[in-house]
Amino acid sequence: MKLGVVKAYMLKELTELLRTRLIVMVYLMPSMILILFGYGIRMDVSHARTLIIDNDQSKYSRALTSKFEHSRYFDATVTQMSEKEALHRIKQATTDIIVIIPSSFQKRLLHGQKSEIGVFVDAAFPTRATTMESYVQGVILNAAQEATQNLGTPKGLIIINNRNLFNQAMRDEDAIVPGLIGLVLLVAPAILAALLIVKEKENGTIFNFYASALSKREFLAAKLIPVFLLHSVNIFILFLMATKLFDVPFRGSFTLYWLTSELYILISLSIGMLISVVTKRQIVAVVLTVIITIIPGFLYSGILMPISSMVGESYIEAHMFPVMYYTHILYDTFLIGEGLASAKTQLYLLILVFYALGMLSLGTLFLKKELK
Amino acid sequence: MNRVFWAILGKELLAFLRSAGLVAMVLYSFTIDIYIAGEGIQIKPRNVHIGYVDETGGGISQKILTHLHTPEFLPPKRYRSQKELSRSIFNKETLVGLVFDREFEKDFRQGKKAQLNVLLDATAASQSFTTLGYLQNIVLDFSELDLPVAIKTHKLFNENADNKSFMALTELLSVITLLIVILTAVVFVKEKEEGTWEIMLLMPVDPRLIILAKSLSQVFIVMAGVVLALGFVVFGAFHAPMNGSFWAFMLLTFLYSFSSAGIGLFVAAVSNSVLQVAQFSIIIMMPLIFLSGAWTPVYAMHPVLQVLSFFSPLRYYIEGSESIFYRGTEWIDLWPYFSGVMLLGALLYWYGFRKIGKLF
Amino acid sequence: MADLEVHNVTVSYKKKVAIKDASLKANAGEIIGLIGADGSGKSSLMHAIAGVTRFEGEVCYGGVSYRSPKEAEQLKSDIGLMPQGIGLVLYDTLTVAEHLDFFADIRNIQKNEAFKTYRQKLLHMAGLTEFTNRQAGKLSGGMMQKLSLICALLHRPKLLILDEPTTGVDPLSRMELWEILDGICKSEGTIALVSTAYMQEAAKMARVLLFDEGEIIASDTVKALIDSVGNYTYEQTACENERCFSFDEHTYSLEPLHAPHTEPTLEALFFVNALQKGQTLPHIEIEARESQDEVPQVVMEAKGLTKIFGDFVANDHVSMNLHGGEIVGLLGANGAGKTTFIKMLLGLYPIDEGELYLLGQQIRSGKDRQKLKSKIGYVSQHFALYKDMTVRENLLYFANMHRIAVTTALSRINRYAKELGFEDYMDYFPHELPLGINQRFSVAAAMLHEPVVLFLDEPTSGVDTIARAQFWQILQGIKKKWGISILITTHYMSEAEYCDRVVLMKEGRKIADDSVKVLHAAHPDAKNFEEIFLEYYRSKR
């Protein structure tokens, strides 16, 4: 390899990135995605707007309503409005939940009779509806248990003692942000790399490569090294944002995080480069990269669904994209902290190494030093 | 409307139909992309891997386990020791681990409080949390407890909490937003790229007419795409309900896409190539989409974002569309959405119109 | 054995054969010219020899033979390639100096004293010494071409392949380019293969290859080639039969005519070849216009028009008139401000200073122009046509924009198609057609509304000889039958001779404005207009 030649090409690449202001994209896009998604996606429900129609107005009914009022999950209002009017509120999307306590609630309770509590949930947003439903049930059943305990000793009670591993408080940030890093470091480098070669093809400057004695490997090295170095900075920026801005704990080895991320960036760049090699127009390259990276990035990063829950094709697809292997190690370094002690981490790291080598060789293979 | 207007409109539609790339992108976005979103993005637990360690004889524990069935759960897998179980959770092969210890059955039979230990992989917070809710209900049935209340829940508008049609609809709304901006901008930028811009300027035609006809042509394309997406995917594949007025939705969509074309005009004014259009559109539209409540209801957002979301026309459009599709809201109650879309839309269109008008 | 031998090279893209069985030989120090219409296979052959495209056949250079780009790899350090397209191989955001450093580095050149001297020499020859810190994107077309050329020369290639290095370059820059090239070939013993659209340039070369439809149909010295068509060239005369063509004081005919023979030029090769192949060159007839608009005495009057971009004065108080029924050529080097001037006239750039009268009306704002737009026709540098529409659809669209009644529009379109000779191409897309056809149909589009004045900005750049000849016949016809005025910019100095009057611009200022005859009288030594042009540019520095 002629180092001087590669250096000159790299210098040119860097100058172009700076002067075309493409460098803004390198640093703006990852941070923007992390902030928007990190703040934007909330899986758990808080402050659900709840209307409680208390038709009983008794000690017990008030005990129940106060449980709602003191929960951070609900913004509860106790009213006297009619059921019809309340339902209308839901239609207007100003209320999410209606809880109706029947008029003879306390009387029946004291007589040991069952009374029915009506709950209406706005299911226009289905997953949230399911979550809200279980919250409401939890609150009511909890109150009921307390009430029965006061009334007499129960038999054969099973209580669940749950331990929330890795994310004690079940914070959404902890669950999402590491996955987002996996998404961001897949998409951003890939889009940048996708432009690198196809841009020269579209402008005609690719002739400089065709007509020179530069080898394919030298050309690829010159293209990839500058963007690789630029994106490496993102590893640290994203780390700081995750730990400082989103307060995600970091329990594992930073070195592992850092090195794996570098490897992963290399893979993302190679994917983009591969697209750049096979396409002819910049816009096609960008659209193709977006389609190829964003959807799998979302689906297989573990943000939306754990890999273990996948069956059939999606299970196979998840194993075909690099994002699953990387986010496994990411979640480990942030939340778990097993590190290289885990055989699975070692395996995944190895897979990533081979992935990178494979993509790079494919790029070299497909790159042709001639007009098509 | 005069002849020049229709000539421009027709020309743009023809040009669109002839550019295979754009047609492919629009078709893909309005069908496959929406289908993938509906089919692929499932947040409620499905196929959850459960592992357990059973140190009891296996009476109650097995009964509890039989309640964990498909499609939410995969058949529970038995581990020989707690260590093995936690290994599996650490490797993220198991999401929820149940530990029935020796005391569990004894305590239960004796009428004491029996403790069931549950280990949750909280890196997948929402799935494990919902799973916990399921378990609590199952366990409650076992407790010989005669609770004095029964809960009767109605999931209004979408009794089965069918997530697919909802995700598909949300994706459709995002696709409309992104495409109208990109398409409108491309129509103008293509003239810049191909050098026909000057020819356009030299036509004895009022620039306002050109801008209007050009942006309207793209609105038509998007509306056609919407019909396609509704017919084949949203109603066709996912059987979304339509509790409100179909025409209210179409009208809202028309108003919305027409006004969002204003963002496209703005993008067209500041970019010189199709590539720049793609970059600008993504940078501008991503925040708009996220502020819209497409993923998280506005009231659950960070307070600062809540305020900002008032300025996203997509917010009114999404809330309005959800209301029409699911809540079946009547025309009269839709006014906040219509006025939000129209007010912000008029502003945006006016701004974009002026921005591109300066280039004429 | 010659230093460069090309044996039976065939290049094909998908199913289309671009060049078939091309062979040539060249020795050190020779400059070989490649001429032919666009799409005749020149570029493909050059790409094959440069080893940047796959080909069949064999190329031998300096005893090394190669049959594929891969095998050519070992010779790449000896080859210099400058592909077609202005500034194609330049990076817009890099400066001139950075380009030279970059090209030196990727060629792995030792940056010793000898190199520095050579670099300085090249920069000086290209006249770029003062512009080393300017970004390539901000150079004029001519400067870009000169920079591309010296970048290709930097590693002292033994085999230099230049694909239309002078297209779109003004005569002055062209002269300088040739000086660089001549010098290098003589001193370094370089073989240069150069394609060109300027026949005066081809005339300077040792040998010329004539390309036609993917084949080399003639290969000889310029003199021999010219002699070969001497029998068919006559002084201009009227001829009735289909198999003859008259242009620029010559008549070419395969059948003997009763007219004296005259000395042919290289252009004659193209005409005679076309006639020999039985291509009927349509006799262009323009009919009178339908509307009866009076063409005023003074169509356009510019008084001290000035345009400033930042601190760069693009037009410095330019004044000129355009009278009814005259063709005025606007000439000048790249970056002299011709396009800026036309764009100001059209209102595409706002006027910074000065007064403009169009058709007797002073232009103060965009509103003043709105009414005049239907009286002005414009053809831009790049033949701005809508790519997604066929020729017919394009024309119909323009007719609609001008609100021409449908029946009138249809008949007019058909008439122009016949008159301008693109009748057979009505249902093709512009990119499927040769440049010459596009150029004619752009003119048709600009004439649909029967304007009283036409502005043409470099309409003949890159168009081949025959198409250019026909284009000028069209312009002459329009002028004669319609009596309208035409303002045209061009880089072909030979075309200046067809104008009634020429306006010469230099560095944003007007330096001459007179009829060709008067200018010739003032410069009796000049053999052609190109020399007059160069004299102006050299003297009044």
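A salt bridge is a side-chain nitrogen of Lys or Arg within 4 Å of a carboxyl oxygen of Asp or Glu. Between chain C and chain A, the count is three salt bridges. One of them joins the side chains of C:R54 and A:E370, at 2.5 Å from N to O.

The model is predicted: local features need pLDDT of at least 70, side-chain atom pairs count only at pLDDT 80 or more, and totals for chains, interfaces and linings use all residues. Residues are numbered from 1 along each chain as its sequence is written, chains are lettered from A and ligands numbered from 1 in the order in which they are written, and side-chain values use heavy atoms, with hydrogens and water left out.

Stay with chains C and A. Their contact (heavy atoms within 4.5 Å) takes 27 residues from chain C and 24 residues from chain A. The size of an interface is often given as the accessible area lost when the parts come together. Here the buried area (accessible area, 1.4 Å probe, that two parts lose on being put together, summed over both) is about 2,300 Å², with 60% of it on carbon and sulfur atoms. Three residues, C:V52, C:Y91 and C:I106, supply 25% of the area that chain C buries against chain A, more than any other three residues.

Polar contacts come next. A polar contact is a pair of N or O atoms within 3.5 Å; within protein, one must be able to donate a hydrogen and the other to accept it, and residues adjacent in sequence count only if both atoms are side-chain atoms. Chains C and A have 11 residue pairs in polar contact, both at pLDDT 80 or more. Helices (H or I, at least four residues) and strands (E, at least two) are DSSP runs, numbered from the N terminus. On the side of chain C that touches chain A, strand 6 (79-82) and helix 3 (96-106) each supply at least two residues. Helix 3 of chain C gives the largest share of that side, five residues.

Now turn to chains A and B. Here 90 residues of chain A are in contact with 95 residues of chain B. Together the two chains bury about 8,900 Å², 68% of it on carbon and sulfur atoms. Four salt bridges are counted between chain A and chain B. In one of them, the side chains of A:K344 and B:E93 meet at 3.2 Å, N to O. Helix 6 (residues 126-151) of chain A gives the most to the side that touches chain B, with 14 residues.

Strands also pair across these chains (at least two bridges found by DSSP). Strand 5 (residues 158-165) of chain A runs parallel to strand 4 (residues 114-121) of chain B, over eight bridges.
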